[in-house]
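I opened this notebook to record what I looked up in the structure. The entries follow in the order in which I made them.

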2 protein chains.
Amino acid sequence: MTEPKLGKVTTVGAMALGKDYAAQECSVARALEVVGERWTLLVVRDALYGVRRYNDFLAHLGIPRAVLATRLQTLTAAGVLEKRPCERRPGRHEYVVTERGRALWPTLCVLGTWGMDTFGHDRPTRYFRHAACGTELGPVGECPACGGLVPVEDVEMLPGPGLDPDPVDPVSRELLKPRRLLQPVEIDPV
Amino acid sequence: MTEPKLGKVTTVGAMALGKDYAAQECSVARALEVVGERWTLLVVRDALYGVRRYNDFLAHLGIPRAVLATRLQTLTAAGVLEKRPCERRPGRHEYVVTERGRALWPTLCVLGTWGMDTFGHDRPTRYFRHAACGTELGPVGECPACGGLVPVEDVEMLPGPGLDPDPVDPVSRELLKPRRLLQPVEIDPV
DNA sequence: GACCGCAGGTTCAATGACTGAACCCACAGG
DNA sequence: CCTGTGGGTTCAGTCATTGAACCTGCGGTC
């Protein structure tokens, strides 16, 4: 057969292979359809840290504006974040983590643990501990002392030696202070 | 000010914004640089299920060949998989999960749990239990009865009602049987 | 009321990643 | 020698991401 195999131009599409993992009947695949895109999990991480405003995500993540807008839309549509007017500052918006978003905390924890264990050539960047008892959290965000999953709002976040001690953007500077997760990041409280 | 706003060209970058989350000094970001690309976590999931051969990943995932080749390379380079000649069938290769790859099992577990809890409109697709005691695993892959993290090789996987009971590809058919994680998928054992 | 600046986007061209399909090659068996 | 299979590579088309510029609505100031 010397002639080339001449492709059948069958309008293939039909199935718009978008961002869905076609035909994967698996809860991991379904989860990844929502949080599997580039930047998405980092946005959720920041939201759990207390970041709420568009410009603060922008400053802290260094993400392109268009991508951030898309991700915030997707996450809001998926019920991970909720967009609402800021009551303290009329005219502004804020994106707040919902219960569904809080449920992603163990995922971020365990992924961070893997990243630390695997590539932790340098010092840890942040510590997390159970505010009630001061114990450092286990790999999944559980409290080894109290023996249970710690509610996200009871997690205290402290800077580690791996963090830049004098960052440029105000959000990073705010996140250098010890703080509770979910506690809103306020940049210029007037 | 009629002239365009002429951004400050501060050479900011220096860091070639490739697939790395530039300047994110965070173990989650470092983890995502390895397992955050499209398809990657599903490849790892399949590898933990026991899939080892290029063509089996291809059949089970429905992933484009080129992407699969890239992912297998990346994961091998990152030490998550190991490529080696198949001893049972000379001339073939297999990709085997390393310890580092096994360490991703909790991540997949907790992500699957979130996907199930969040979008679990249909029935679960698979059950996982501790082979030693038969108890169904908790959200992070721990055994509620024995009270500890179950080693991946001691996890038994069973099909759930959400799975297609008569799939086309032989890998999916093999994965319908109850089996241990990591146990190699053998399609045509001759 | 005119002007300003900021928050929160949208638009754009250039580049890079993903897709499906075709092609390729080494090896094993007959 | 011919054929089939495993494990890729190549390619053109499409889609996503990037960085930068542009736009818009609002609240305050003079």
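**Salt bridges and the contact between chains**

I began with E174(B), which is buried at 17% relative accessibility, because the cut-off for buried is under 20%. I note that the model is a predicted one.

I then looked for the partner of E174(B). Its side chain meets that of K177(B) in a salt bridge, 3.1 Å from N to O. K177(B) is partly exposed, with 46% relative accessibility.

I looked up the network next. R52(A), R84(A) and E94(A) are joined into one network by salt bridges that share partners.

I took one pair from chain A. The salt bridge between E94(A) and R84(A) has its closest N and O atoms 3.3 Å apart. E94(A) is in strand β2 and R84(A) in strand β1 of chain A, so the pair ties together parts ten residues apart in sequence. E94(A) is buried at 7% relative accessible area, while R84(A) is partly exposed at 26%.

I then turned to chain B. There E94(B) forms a salt bridge with R52(B), and the closest N and O atoms are 3.4 Å apart. E94(B) lies in strand β2 and R52(B) in the loop between α2 and α3 of chain B, so this pair ties together parts 42 residues apart in sequence. E94(B) is buried, with a relative accessible area of 7%, and R52(B) is buried at 15%.

I checked the total: the rule gives 18 salt bridges over all chains.

How many salt bridges cross the interface of chain B and chain A? I found zero. The two chains have four residue pairs in polar contact. On the chain B side, α1, α2, α3 and α6 each give two or more residues. The largest share, eleven residues, comes from α6(B). I sorted the residues of this side into 25 nonpolar, 13 polar and nine charged.

I noted the extent of the contact as well. Chain B gives 47 residues and chain A gives 46. About 4100 Å² is buried between the chains, 64% of it on carbon and sulfur atoms.

I looked at α2(B) separately. Ten of its ten residues are buried, among them R45(B) and D46(B). G50(B) follows α2(B) and has a positive phi, near 120 degrees.

My last entry is on Q183(A), in the segment after β7 of chain A. Q183(A) is partly exposed at 36% relative accessibility. Leaving out residues up to four places away in sequence, Q183(A) touches Y49(A) and G50(A). Q183(A) and Y49(A) are 134 residues apart in sequence, with their C-alpha atoms 7.2 Å apart.

Conventions
Residues are numbered from 1 along each chain as its sequence is written. Chains are lettered from A and ligands numbered from 1 in the order in which they are written. This is a predicted model: local features need pLDDT of at least 70, side-chain atom pairs count only at pLDDT 80 or more; totals for chains, interfaces and linings use all residues. Side-chain values use heavy atoms; hydrogens and water are left out. Helices (H or I, at least four residues) and strands (E, at least two) are DSSP runs, numbered from the N terminus. Buried means under 20% relative accessible area, exposed over 50%, partly exposed in between (1.4 Å probe, protein chains only). Contact means heavy atoms within 4.5 Å. Buried area is the accessible area (1.4 Å probe) that two parts lose on being put together, summed over both. A salt bridge is a side-chain nitrogen of Lys or Arg within 4 Å of a carboxyl oxygen of Asp or Glu. A polar contact is a pair of N or O atoms within 3.5 Å; within protein, one must be able to donate a hydrogen and the other to accept it, and residues adjacent in sequence count only if both atoms are side-chain atoms. Ala, Val, Leu, Ile, Met, Phe, Trp, Tyr, Cys and Pro count as nonpolar, Asp, Glu, Lys and Arg as charged, and the others, Gly among them, as polar.
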